[in-house]
Amino acid sequence: MQTDTLHRFLIESANVRGEWIHLDDTWQHMLDCADYPASIKKVLGEALAATLLLSASLKYKGTLSLQINGTGAANLLLIQATSTGTVRGLARWKEEPKGDQLSDIFKTGNLAITIEPSDGGERYQGIVELQAESLEATLTEYFQQSEQLSTRLWLACNDQSASGLLLQCLPEENDDENEGWQRTVLLAETVKPEELLDLDVEDILHRLFHEEDVRLYTGDPLNFQCSCSQEKVEAMVVSLGQDEADALLQKQGEIAISCEFCNRHYQLDPIDVQQLFSEELSSDLSDNKKMVH
Ligand SMILES: [Zn+2]
């Protein structure tokens with residue numbers, strides 16, 4: 001069984017492309033960061049698989065995020081993936097949801113897909129209202145509203161793994177009425193969550209599309225990676241200004257910051273903080289000197 005891999009495939013007999021994803025370590029890493037209630041855990045794992053499937057289906061360089069804002073037991077779910085195959089994510093909740101449906105977890109709200117190009121290109125954002133039943137239904141609605149290629153996703157998640165399957169019309173064949181598209185979607189709709197979670201890519205493609213001509217490509221590895229760092233934390237403390245930093249030190253004895261994505265702890269004691277601001281001062285002075293001369 002390949003773990004933490006994304007495979008692309010092409011159903012040549014139907015002019016449909018696809019992706020299959022399976023995550024173990026990345027998913028475990030995300031679960032280590034917070035003790036999520038079961039229903040939130042499920043939607044977080046599904047969102048993780050969906051974001052990476054989506055990221056792999058698009059040509060971009062930068063960050064793609066999937067964000068759900070809600071008004072219920074949970075109010076935020078955020079997954080950030082990069083075009084280099086790394087990902088991180090979290091959810092915030094106030095109380096345990098009373099059911100498994102999206103409306104039980106978030107009540108009402110929306111889902112936003114945002115692409116921030118790293119090369120300074122234009123930012124893209126698409127927003128769709130949450131559908132009551134599931135993330136799958138919400139993403140189906142998203143693809144219908146955004147004038148993109150016909151796309152469908154199937155997602156599954158348990159305590160060990162998060163998995164998913166994506167089908168998309170080829171650009172030259174993009175038409176919902178397309179017979180090949182309709183046929184492969186009907187076949188994919190027979191997939192059971194346990195098959196998505198337990199079968200490897202060859203077996204699942206055989207199970208669903210054995211009457212089609214399928215070409216499977218080699219897999220791409222994926223991993224959990226947080227973009228937080230000591231430098232970013234220091235820059236944040238500097239941006240607070242010396243007065244506010246001193247006030248925090250006086251109250252707490254040190255400045256302690258935990259990253260919500262990866263659970264890493266950063267601590268700055270009074271000497272660290274003093275050094276930060278004196279470095280800041282001396283670099284200001286040297287900038288001034290450069291300007292003078
Ligand atoms: Zn982090």
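**Figure 1. One salt bridge is counted between domain 1 and domain 2.** A salt bridge here is a side-chain nitrogen of Lys or Arg within 4 Å of a carboxyl oxygen of Asp or Glu. E260 forms a salt bridge with R92, and their closest N and O atoms are 2.5 Å apart. One residue pair in polar contact, with both residues at pLDDT 80 or more, is also counted between domain 1 and domain 2. A polar contact is a pair of N or O atoms within 3.5 Å; within protein, one must be able to donate a hydrogen and the other to accept it, and residues adjacent in sequence count only if both atoms are side-chain atoms. On the side of domain 1 that touches domain 2, β4 (74-82) and β5 (86-93) each supply at least two residues. β5 gives the most to this side, with four residues. Sorted by class, this side of domain 1 has four nonpolar, two polar and three charged residues. Ala, Val, Leu, Ile, Met, Phe, Trp, Tyr, Cys and Pro count as nonpolar, Asp, Glu, Lys and Arg as charged, and the others, Gly among them, as polar.

*Model and numbering.* This is a predicted model: local features need pLDDT of at least 70, side-chain atom pairs count only at pLDDT 80 or more, and totals for chains, interfaces and linings use all residues. Residues are numbered from 1 along each chain as its sequence is written, and side-chain values use heavy atoms, with hydrogens and water left out.

**Figure 2. Domain 1 (5-224) and domain 2 (230-292) make up the domain assignment of the protein chain.** These bounds come from an automatic or database domain assignment. The C-alpha centres of the two domains lie 38 Å apart. Nine residues of domain 1 are in contact with four residues of domain 2. Contact means heavy atoms within 4.5 Å. About 640 Å² is buried between domain 1 and domain 2, and carbon and sulfur atoms give 58% of this area. In domain 1, C33, R88 and L90 lose the most area to domain 2, together 59% of what that side buries. Buried area is the accessible area (1.4 Å probe) that two parts lose on being put together, summed over both.

**Figure 3. S55 lies in helix α2 (residues 38-57).** Helices (H or I, at least four residues) and strands (E, at least two) are DSSP runs, numbered from the N terminus. Why does S55 count as buried? Its relative accessible area is 9%. Buried means under 20%, exposed over 50%, and partly exposed in between (1.4 Å probe, protein chains only). Leaving out residues up to four places away in sequence, S55 touches Y60, L64, A81 and T82. Q80 is 25 residues from S55 along the chain, and their C-alpha atoms are separated by 9.7 Å.

**Figure 4. T184 sits in helix α5 (residues 179-188).** T184 is buried because its relative accessibility is 0%. A polar atom of the T184 side chain lies 3.1 Å from the backbone oxygen of W181. Beyond four places in sequence, T184 touches I11, A14, V16, L167 and F209.

**Figure 5. K107 has a positive phi, near 60°, and is not a glycine.** K107 is in the loop between α3 (102-106) and β6 (109-117). Its relative accessible area is 55%, so K107 is exposed.

**Figure 6. N263, also not a glycine, has a positive phi of about 70°.** N263 is in the loop between β13 (255-258) and β14 (265-268). With a relative accessible area of 34%, N263 is partly exposed.
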